[in-house]
Amino acid sequence: GISQVTIENVEFSVELAQTPKEREKGLSDRAELCDQCGMLFIFENNNYHSFWMKDTLIPLDIIWIDENWQVVDFVGFAQPQGTRTDGELPTYQPQKIARYVLELPGGTVKKIREFKIGSKVLVD
């Protein structure tokens with residue numbers, strides 16, 4: 001399904017990745033992602049959910065969100081890894097435990113004027 005996510009008054013249409021299979025696929029193999037699009041990963045538990053850019057073709061911002069829908073960490077402009085083997089891929093992990101992860105096009109968080117750790121994420 002698709003949900004609307006709002007961060008600091010900026011709205012995004014996000015696809016939901018809820019099953020292990022959907023989460024594993026994520027945004028891999030996508031050649032493009034619209035400026036106001038993204039993917040929201042929904043986990044059953046709170047954890048240091050780590051992400052990598054396996055088979056990902058476009059740069060992404062990765063945002064970790066806790067169970068209260070507050071931003072706890074983020075990585076800007078995670079880069080596609082081209083031909084690197086799985087063993088060479090960098091892994092991104094949050095400093096704090098998170099429940100949800102939001103992926104947006106690379107450079108998006110810089111454009112959200114008020115974006116910060118602690119920003120509230122609204123979902124409907």
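Modeller: I begin with Phe115, which is buried at a relative accessible area of 12%; buried means under 20%, exposed over 50% and partly exposed in between, with a 1.4 Å probe and protein chains only. The model is predicted, so local features need pLDDT of at least 70 and side-chain atom pairs count only at pLDDT 80 or more, while totals for chains, interfaces and linings use all residues. Residues are numbered from 1 along each chain as its sequence is written, and side-chain values use heavy atoms, with hydrogens and water left out.

A search of the whole structure gives 4 aromatic pairs. Rings of Phe, Tyr and Trp (its six-membered ring) pair if their centres lie within 6.5 Å; planes under 30 degrees apart are stacked, those over 60 are edge-to-face, and the rest are tilted. Trp69 and Tyr100 form a stacked pair, 3.8 Å centre to centre with 10° between the planes. This pair links distant parts of the chain, 31 residues apart: Trp69 is in the loop between E5 and E6, and Tyr100 is in strand E8. (Helices, H or I of at least four residues, and strands, E of at least two, are DSSP runs numbered from the N terminus.) Trp69 counts as partly exposed at 22% relative accessibility, whereas Tyr100 is buried, with a relative accessible area of 12%.

Phe115 belongs to an edge-to-face pair with Phe74, at 5.0 Å centre to centre and 80° between the planes. Here, too, distant parts of the chain are linked, 41 residues apart: Phe74 is in strand E6, while Phe115 is in the loop between helix H2 (108-111) and strand E9 (121-123). Phe74 is partly exposed, with a relative accessible area of 32%. Elsewhere, ring pairs join Phe41, Phe43 and Phe51 into a cluster.

Strands E5 (residues 60-65) and E6 (residues 71-78) pair in the antiparallel sense over 5 bridges; two strands pair if DSSP finds at least two bridges between them. They form a hairpin with 5 residues between them, and Trp69 in the turn has a positive phi of about 60°. The bridge partner of Ile65 in E6 is Val71.

These strands belong to an open sheet of 7 strands in the order E6-E5-E8-E3-E2-E1-E9, with mixed pairing. E6 and E9 stand at the edges with a single partner strand each, so one side of each has no neighbour in the sheet. From one strand to the next the twist averages 30°, taken between lines fitted to C-alpha atoms (for helices, over the stretch in contact), with angles from 0 to 180 degrees between N-to-C directions. In a regular strand the side chains alternate between the two faces of the sheet.

A nonpolar core is a set of buried Ala, Val, Leu, Ile, Met, Phe, Trp, Tyr and Cys residues joined through side-chain atoms within 4.5 Å. The largest has 18 residues, and those with the most contacts inside it are Phe41, Phe51, Ile62, Trp64, Tyr92 and Val101. E3, E5, E6 and strand E8 (98-105) each give two or more residues to this core. A second, separate core of 16 residues includes Ile7, Phe12, Val109 and Ile112.

Two residues show the surroundings of the larger set. Leaving aside neighbours within four places in sequence, Tyr92 is in contact (heavy atoms within 4.5 Å) with residues including His49, Phe51, Ile62, Trp64 and Val75. His49 lies in the loop between strand E3 (37-47) and strand E4 (51-52), and is buried at a relative accessible area of 9%. Not counting residues up to four places away in sequence, His49 touches Phe43, Trp64, Tyr92, Pro94, Ala98, Arg99 and Val101.

Finally, Phe12 of the second core is one of the residues in contact with Gln4, again apart from neighbours within four places in sequence. Gln4 is in strand E1 (residues 2-7) and is partly exposed, with a relative accessible area of 23%.
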